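Please look at the protein shown below, and keep its sequence beside you while you read.

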Amino acid sequence: MSFTVHGLAVSRGIAIGRAVIVASSRVDVAHYFVKVEQVEAEIERLRSARKAVVEEIGRVQHSLGELGSNDAHPELSALLDVHLMLLQDEQLTNGVKHWIVDRHYNAEWALTTQLEVIARQFDEMEDPYLRERKADLEQVVERMLRFMRGVASPVAAPRPAAADGKSDTLFDPSVEVPLVLIAHDLSPADMLQFKQSVFAGFVTDVGGKTSHTAIVARSMDIPAVVGARSASHLINQDDWVIIDGDAGVVVVDPSAILLAEYGFKQRQGEVERERLSRLKNTPAVTLDGQKIELLANIEQPDDAIAALKAGAVGVGLFRTEFLFMGRNGKLPDEEEQYQAYRRAVEGMQGLPVTIRTVDVGADKPLDRTPVRAGEDHLNPALGLRAIRWSLAEPTMFLAQLRAILRAAAHGAINLLIPMLAHASEIRQTLALVDRAREQLDARGQAHGPVRLGAMIEVPAAALTIPLFLRYFDFLSIGTNDLIQYTLAIDRADEAVSHLYDPVHPAVLQLLASTIAQCQAQGKGVSVCGEMAGDVAMTRLLLGLGLRSFSMHPSQILAVKQQILRSDTVRLQTWAQSVLVAEDPAALMAD
């Protein structure tokens, strides 16, 4: 029976496909696809894990026999017998093989997927004793997962899954069917793994409009809905799903009429994208002759290709923290970073690249055990993140600065520092930049000049712009965090997402003041947050005097279209009225 799940629309478009459920587990589980030639090795890993658990249970049973009579032993022994029986259960073993062979899931993912399938069957049993055996099954699976943890396999695109319409023939190799990802949550590292995958869209139970999951979804230019609460529990493996990224709606098991209707909407979206693509080589100039700089935000060096393809005139934000994630706590060294930054610079073919120093914390945590007391913060958004973490780890920070300076020998680089708020932080940062140069000189290694910039994303920074203009060549406004900190809202928390307001009067005042002061001092200023790529905000930002926008490549052409239709002289008066309005959103809607 068809039903809908509602969430937050974070990435536009329509996706239609089979659901792939990323199951949650008490043990962290990697989710990736394996190549055809790796299937047998994954099955062998599964056999080895099962054999290891059987042997472990056997040792426990043997030790119980040596302990002699005890009232508790018969019950414990019977429980272990149940675990052994579950390990040998054909539904478990054959089901896991099915996910590996037919869907090319890695062994851990296949195991947790089949656990979800069988667990649902246990939940539907009327007998309380049998229902409780689900916990035994979970324990068995977790034992197997523990034996498989730490065994890495390369991430690879799978052989396309297929289905024959809506029939029960799920894996007909002659028909290609899109897949949509359903998960409780996805970390930024997970998103990077899926970035080059076959998924046509995704849905998560949690997250806000500017959570990093949502941001990466927009960079991938695929439909997505977040904050859908119980989607991962309501949707079953292989259900047909429609993701309406425009309305924030997920339709499960749609009727033929709904499929046809959304299929038409999907084709309309493709026509619109094709029409926008014709603007690639059109200069971004307003009706009154104002030249607007459209830059790209990237996460990986290879994203430079998409930036050029979209017509970006440079990179306004290279989020280097993605080089630090998904590495089991092992940070990239100077040489690895240098090669990555150099690839980005060379990939932009002479256009400038703005590299932001590592900004971990909040919704971008490192996957490592805390190395110092207090590093596991109660509120990561207010803890040791961004420049605070870099200054607390000077060895790491100097390695990154040296890598960036070395890459600057190959092209124009702007060095951007995140989350500065104090004069002492500014002085410490600039001193470390000088020290990094001195270290390279002492080594005799080539390095190049960089323009220095600061992120304005903390209200304290926005209220002390003259201080920043004394030290920096340019400023970049990170609207995601500026809104979060101004309104005291965790932007990754769907429970308060309705309070996240880009046009709140306080936010607009900080934004307008920062732009105006930079212009008065002749210093460059850009917006690199999600507001820059939101076409609903383009006219307002132009009216406030912004002339440099940085966004995901997928958003550039739509924003350019809005710019080409705008007259900044007329927008300036309107923007001032929005700025002083009690309810700016009402004027924006007019």
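How many bridges join strand β4 (residues 179-183) to β5? The two strands run parallel, and 5 bridges join them, where two strands count as paired if DSSP finds at least two bridges between them. This is a predicted model, in which local features need pLDDT of at least 70 and side-chain atom pairs count only at pLDDT 80 or more, whereas totals for chains, interfaces and linings use all residues. Residues are numbered from 1 along each chain as its sequence is written, and side-chain values use heavy atoms, with hydrogens and water left out.

**The protein as a whole**

The protein has 22 helices and 16 strands; these are DSSP runs numbered from the N terminus, with helices (H or I) of at least four residues and strands (E) of at least two. Of the 590 residues in the protein, 53% are buried, a word that here means under 20% relative accessible area, while exposed means over 50% and partly exposed lies in between (1.4 Å probe, protein chains only). Among contacts between residues at least 6 apart in sequence, 70% join residues at least 24 apart, a contact being heavy atoms within 4.5 Å.

**Two strands and their partners**

Strand β5 (residues 199-204) is mostly covered, with 5 of its 6 residues buried. Val 180 has Gly 201 in β5 as its bridge partner. β5 also pairs with strand β6 (residues 224-226) in the parallel sense, over 2 bridges, and in β6 the partner of Val 203 is Val 225.

Strand β9 (residues 293-298) is likewise mostly covered, since 5 of its 6 residues are buried. It is joined by 4 bridges to strand β16 (residues 548-551), and these two run parallel; Leu 295 stands opposite Ser 550 in β16. A further 3 bridges join β9 to β10, again in parallel, and here Asn 297 has Leu 317 in β10 as its bridge partner. Together, β9, helix α10 (residues 304-309) and β10 make a right-handed β-α-β unit, right-handed meaning that, with the strands pointing away from the viewer, the path from the first strand over the helix to the second runs clockwise.

Glu 321 lies in the loop between β10 (315-319) and α11 (334-347). Is this residue buried or exposed? Glu 321 counts as buried because its relative accessible area is 0%. Its side chain makes a polar contact with the side chain of Arg 356 at 2.7 Å, and it also reaches the backbone nitrogen of Asp 359 at 3.2 Å. A polar contact is a pair of N or O atoms within 3.5 Å; within protein, one must be able to donate a hydrogen and the other to accept it, and residues adjacent in sequence count only if both atoms are side-chain atoms.

**Aromatic rings**

Rings of Phe, Tyr and Trp (its six-membered ring) pair if their centres lie within 6.5 Å, and planes under 30 degrees apart count as stacked, over 60 as edge-to-face and the rest as tilted.

| Ring pair | Centres apart | Angle of planes | Kind |
|---|---|---|---|
| Trp 99 and Tyr 105 | 5.7 Å | 5° | stacked |
| Phe 468 and Phe 472 | 6.2 Å | 25° | stacked |

Trp 99 is buried because its relative accessibility is 4%, and Tyr 105 is buried at 0%. Phe 468 is buried with a relative accessible area of 0%, and Phe 472 with one of 1%. Ring pairs also link Phe 33, Trp 99, Tyr 105, Trp 109 and Phe 199 into a cluster.
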